[in-house]
Amino acid sequence: MSVRVLIVDDQALVRVGFRMIIEAREDLEVVGEAGDGEQALRLAAQTRPDVVLMDVRMPGTDGLTATARLTAGPDAPRVIMLTTYDLDESLYAALRAGASGFLLKDVRPGDLVEAIRVVARGEALLAPTATRRLLDRFVAADLNPPGADARLDRLTGREREVLELLARGESNAEIAARMTVTEATVKTHVSAILRKLDVRDRVQAVVLAYDLGVVRPRPSS
């Protein structure tokens with residue numbers, strides 16, 4: 001089955017360009033285009049996309065609001081935020097709203113296609129170190145104290161350790177080496193963490209770890 005994609009951007013030329021790239025692939029299908037967040041919500045309800053390419057800044061209902069509403073329900077689509085600027089200050093809010101990653105609008109065609117495929121498989125788009133840098137830069141100062149959320153009590157000590165290492169930007173291989181276990185064991189722990197914390201991917205787990213004070217932003221240099 002092909003991956004169903006909804007394109008949301010207030011610039012028609014951007015939408016046309018992305019459509020041409022996506023529809024050139026047999027395993028991808030564009031099911032609609034929207035020029036603002038409200039139209040995106042209506043089309044998403046009608047077309048049931050697997051992945052939504054969502055512009056951050058649009059008139060009316062912006063991408064952040066639309067993403068939060070899209071990802072709040074059951075069987076929510078995966079959202080990739082589109083931005084003009086790397087490390088846009090809106091991107092942390094986008095991740096908190098439920099986005100699974102972000103792309104610059106000048107992304108190369110092959111990278112766009114691969115990003116859609118990655119997110120459709122249920123994986124996170126951001127590299128671990130990029131996630132950490134983004135959160136370190138933009139995370140809010142008024143975080144909860146560690147352990148302030150009952151969801152953390154669902155984790156075993158080992159899972160809590162893995163969550164902390166995830167939030168510090170370490171890959172599965174690095175975590176495995178540090179804990180002297182196999183990567184398969186780390187993947188098992190990560191799957192359990194996602195299930196117990198009720199988050200969709202490791203990016204959302206890292207965002208939650210910051211929100212709950214499991215880890216703290218690094219001081220600005």
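## Helix packing and cores

Asn 172, Ala 173, Ile 175 and Ala 176 of α8 meet Glu 183, Val 186, Lys 187 and Val 190 of α9, where contact means heavy atoms within 4.5 Å. By class, this contact of α8 with α9 has 5 nonpolar, 1 polar and 2 charged residues; Ala, Val, Leu, Ile, Met, Phe, Trp, Tyr, Cys and Pro count as nonpolar, Asp, Glu, Lys and Arg as charged, and the others, Gly among them, as polar. The model is predicted: local features need pLDDT of at least 70 and side-chain atom pairs count only at pLDDT 80 or more, while totals for chains, interfaces and linings use all residues. Residues are numbered from 1 along each chain as its sequence is written, and side-chain values use heavy atoms, with hydrogens and water left out.

The chain has 10 helices and 5 strands. Helices (H or I, at least four residues) and strands (E, at least two) are DSSP runs, numbered from the N terminus. Of the 221 residues of the chain, 52% count as buried; buried means under 20% relative accessible area, exposed over 50%, and partly exposed in between (1.4 Å probe, protein chains only). Among contacts between residues at least 6 apart in sequence, 68% join residues at least 24 apart.

Two helix pairs are set out below. Axes are lines fitted to C-alpha atoms, for helices over the stretch in contact, and angles run from 0 to 180 degrees between N-to-C directions.

| Helix pair | Angle between axes | Distance between axes |
|---|---|---|
| α8 and α9 | about 110 degrees | 8 Å |
| α4 and α10 | about 105 degrees | 9 Å |

With an angle of about 110 degrees, α8 is therefore roughly perpendicular to α9. Angles under 35 degrees count as roughly parallel, over 145 as roughly antiparallel, 65 to 115 as roughly perpendicular and the rest as oblique. The angle of about 105 degrees between α4 and α10 likewise makes these helices roughly perpendicular to each other.

In the second pair, Tyr 92, Leu 95 and Arg 96 of α4 meet Val 203, Gln 204, Val 207 and Asp 211 of α10. The residues of this contact divide into 4 nonpolar, 1 polar and 2 charged. Helix α4 spans residues 90-97 and α10 spans residues 202-211. Of the 8 residues in α4, 6 are buried, namely Ser 90, Leu 91, Tyr 92, Ala 94, Leu 95 and Ala 97. Gly 98 follows α4 and has a positive phi near 120 degrees.

The largest nonpolar core has 24 residues, and those with the most contacts inside it are Val 162, Leu 163, Ile 175 and Leu 197. A nonpolar core is a set of buried Ala, Val, Leu, Ile, Met, Phe, Trp, Tyr and Cys residues joined through side-chain atoms within 4.5 Å. Two or more residues of this core come from each of α7 (157-167), α8 (172-179), α9 (183-197) and α10. Leaving aside neighbours within four places in sequence, Ile 175 is in contact with Val 162, Leu 165, Leu 166, Glu 170 and Val 186. Another core, of 23 residues, lies apart from the largest one and includes Ala 34, Ala 40, Val 79 and Ala 124. In soluble globular proteins, nonpolar side chains tend to be buried together.

## Single residues

UniProt, in an unreviewed entry, places the feature "modified residue: 4-aspartylphosphate" at Asp 55. UniProt positions are given in the numbering used here, feature names are shortened, and annotations may be inferred rather than shown by experiment. Asp 55 is found in strand β3 (residues 51-55) and counts as buried because its relative accessibility is 3%. Not counting residues up to four places away in sequence, Asp 55 touches Val 8, Asp 9, Asp 10, Gly 63, Met 81, Leu 82 and Lys 105.

Helix α1 (residues 12-23) holds Val 14, which is buried at 17% relative accessibility. Val 14 and Lys 105 are 91 residues apart in sequence and 8.1 Å apart in space, C-alpha to C-alpha. Arg 15 also lies in α1 and is buried, with a relative accessible area of 16%. Beyond its neighbours within four places in sequence, Arg 15 is in contact with Ile 7, Asp 9, Asp 10, Glu 33, Ala 34 and Gly 35.

Arg 48, in the loop between α2 (37-47) and β3, has a positive phi near 55 degrees. Asp 198, in the loop between α9 and α10, has a positive phi of about 60 degrees and is exposed, with a relative accessible area of 67%.
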